[in-house]
Amino acid sequence: MRLHQTLGAAAGALLLALAVPSSAHATTGDFFYKTSTGQDAAISDPVSARCVNLPGTSTDSPGHSPRNFTTSTVTAFLEADCEGDTYFVMKPGAKLGDKLKLSSVVFS
């Protein structure tokens, strides 16, 4: 009888652990860019799968020159709030020049 209770309690604990939402995963590393005024800026260890509006940029005054030194692929958008068409996808280690304009990013 006790074996059945122990197995039932273990199964219940496992189901509860699976039902509790896990914490958000962060990527590791830094993402560098230049603001609309040309100042250097960075995001460190960003949360994955969450849109990030880049400080110092906007849809009308985007940033440029992104460098992805994170462990994740970055999807860059010209518009804020990761709106509009996907603008560019950057693999880890990618460095792009001032011709790529961006206002928001999401990390895989």
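How many salt bridges does the count come to? In this predicted model, the count comes to one salt bridge. The partners are K34 and D40, whose side chains meet with 2.8 Å from N to O. As for solvent, K34 is partly exposed, at a relative accessible area of 25%, while D40 is exposed, with a value of 58%.

Now for the aromatic rings. A ring pair is described by how far apart the centres are and by the angle of the planes. The count here comes to three aromatic pairs. Take F31 and F107: their ring centres sit 5.7 Å apart and the planes make an angle of 85°, so this pair is edge-to-face. F31 belongs to strand β1 (residues 29–34) and F107 to strand β8 (residues 104–107), so the pair ties together parts 76 residues apart in sequence. F31 counts as buried, with 0% relative accessibility, and F107 counts as buried too, at 1%.

Another pair joins F32 and F69, with ring centres 5.9 Å apart and planes at 65°, so it is edge-to-face. Strand β1 supplies F32 and strand β4 (residues 63–70) supplies F69, so parts that are 37 residues apart in sequence are tied together by this pair.

Notes: Residues numbered from 1 in each chain as written. Predicted model: local features only at pLDDT ≥ 70, side-chain atom pairs only at ≥ 80, totals over all residues. Heavy atoms only, no water. Salt bridge = Lys/Arg side-chain N within 4 Å of Asp/Glu carboxyl O. Buried < 20%, exposed > 50% of the residue type's maximum accessible area, 1.4 Å probe, protein only. Phe/Tyr/Trp six-rings, centres within 6.5 Å; stacked < 30°, edge-to-face > 60°. Helix = DSSP H or I, 4+ residues; strand = E, 2+ residues; numbered from the N terminus.
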